[in-house]
Amino acid sequence: MAPGNINDIVAFVAAAEAGSFVGAARARSMTRSGIAKSVARLEDRLGVRLFHRTTRSLGLTDDGRVFLDRCTQILADLEEAELSMSDGGGEPQGLFRMTAPMTFGRLLVLPLLNDFLASWPKLRADVSFTDRVSDIIEDGIDLAIRIGETRENSSLITRTLTHQHDLVVASPAYLSVASAPHHPDDLLGHTCLNYVSAGQKRAWRFGIEGKTVLVKPRARLSLDSGEALRDAVVSGAGLAFLPSYVVERDLSEGRLVALLTNYAAPPVPISIIYPSRRHLAPKVRRFIDLLARNI
């Protein structure tokens with residue numbers, strides 16, 4: 001890529017972040033006309049309009065938003081490449097982009113990430129806790145965590161981090177007015193609460209006669225948050241199927257009771273996925289090591 005192209009991209013990103021050519025000029029120690037000319041050259045080369053311009057505002061077009069995501073990652077990669085050649089090459093630095101399932105990320109990953117950022121002051125993080133499956137390559141993600149069997153392309157590395165054990169749970173208050181189920185078929189007579197992800201109700205998995213059986217009980221209440229579902233079960237609203245890491249403390253302190261444990265299905269893998277690179281960036285390598293030690 002020619003040096004002029006990089007300068008134009010830097011000007012474009014600065015304008016997008018500042019929301020004006022004047023703000024970008026101030027941030028980059030350039031003139032307003034210099035920023036405007038760089039953006040115009042870039043638009044001419046790409047054949048698309050990157051900004052909606054008025055006399056009072058500057059806003060990204062749809063093409064501009066897509067291009068900004070790519071350019072931000074490109075500049076971060078260039079920054080990291082330059083830093084890796086310096087004396088601090090082994091230090092995590094630059095922009096670290098990752099994604100993890102919502103509940104798992106909030107409960108288990110976020111505390112580790114906070115410690116990680118505190119340990120490495122030159123590091124910045126852009127993190128998405130969502131059950132939506134991202135395209136790691138397309139979205140420029142350094143590291144993703146997936147629950148369940150994965151179907152990634154061959155250019156990605158997949159490593160099993162741990163396994164998720166799921167449990168049917170209820171509160172003592174609920175069980176004081178409803179007899180405990182002794183078989184998955186008994187769920188038909190109970191008030192069940194379901195977890196919903198991307199519009200789909202999560203199946204309850206059971207091991208019956210050596211086979212994994214998926215059950216989707218009729219739910220009176222469906223929630224798209226594992227933590228909210230846990231709160232509903234603790235309050236006595238019904239039965240739920242939740243990962244052990246969500247309800248571990250509630251079980252040990254008696255707020256919840258595990259049911260149908262004789263029908264537990266095999267645990268599902270929790271994997272870390274990252275692009276296959278010969279030289280793994282320190283920020284990714286060290287965070288993988290942190291996850292492996294603590295989860």
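Colleague: How much space lies in the second largest pocket?

Modeller: This is a predicted model, where local features need pLDDT of at least 70 and side-chain atom pairs count only at pLDDT 80 or more, while totals for chains, interfaces and linings use all residues. Residues are numbered from 1 along each chain as its sequence is written, and side-chain values use heavy atoms, leaving out hydrogens and water. A pocket is an open set of points on a 1 Å grid over the protein atoms alone where a 1.4 Å probe fits, with protein on both sides within 12 Å along at least five of seven lines. With points joined across faces, edges and corners, and volume taken as the space filled by probe spheres set on them, the second largest pocket holds about 460 Å³.

Colleague: Which element gives the largest share of that pocket's lining?

Modeller: The second largest pocket has 23 lining residues (an atom within 4 Å of a point), and nearest its centre lie Arg97, Glu138, Asp139, Gly140 and Ile141. At least two residues each come from helix H4 (62-84), S3 and strand S4 (123-129), counting DSSP runs from the N terminus (helices H or I, at least four residues; strands E, at least two). The largest share, six residues, comes from H4.

Colleague: How many charged residues line the largest pocket?

Modeller: The largest pocket holds about 950 Å³, and among its 36 lining residues Ile147, Gly148, Tyr195, Ser197 and Arg202 are closest to the centre. Elements that give two or more residues to this lining include strand S3 (94-100), helix H5 (102-119) and strand S8 (192-197). Classes count Ala, Val, Leu, Ile, Met, Phe, Trp, Tyr, Cys and Pro as nonpolar, Asp, Glu, Lys and Arg as charged, and the others, Gly among them, as polar. On that basis the lining of the largest pocket has 16 nonpolar and nine polar residues, and the charged ones number eleven.

Colleague: How are H7 and H8 oriented to each other?

Modeller: Helix H7 (residues 226-234) packs on H8 at about 30 degrees, their axes 10 Å apart; axes are lines fitted to C-alpha atoms over the stretch in contact, with angles from 0 to 180 degrees between N-to-C directions. Angles under 35 degrees count as roughly parallel, over 145 as roughly antiparallel, 65 to 115 as roughly perpendicular and the rest as oblique. H7 and H8 are therefore roughly parallel.

Colleague: How are H5 and H9 oriented to each other?

Modeller: The axes of H5 and helix H9 (residues 282-294) come within 11 Å and cross at roughly 130 degrees. In their contact (heavy atoms within 4.5 Å), H5 contributes Val109, Leu112, Leu113 and Phe116, while Phe287 and Leu290 are among the residues from H9. That contact has seven nonpolar, one polar and two charged residues. Given the angle, H5 and H9 are therefore oblique.
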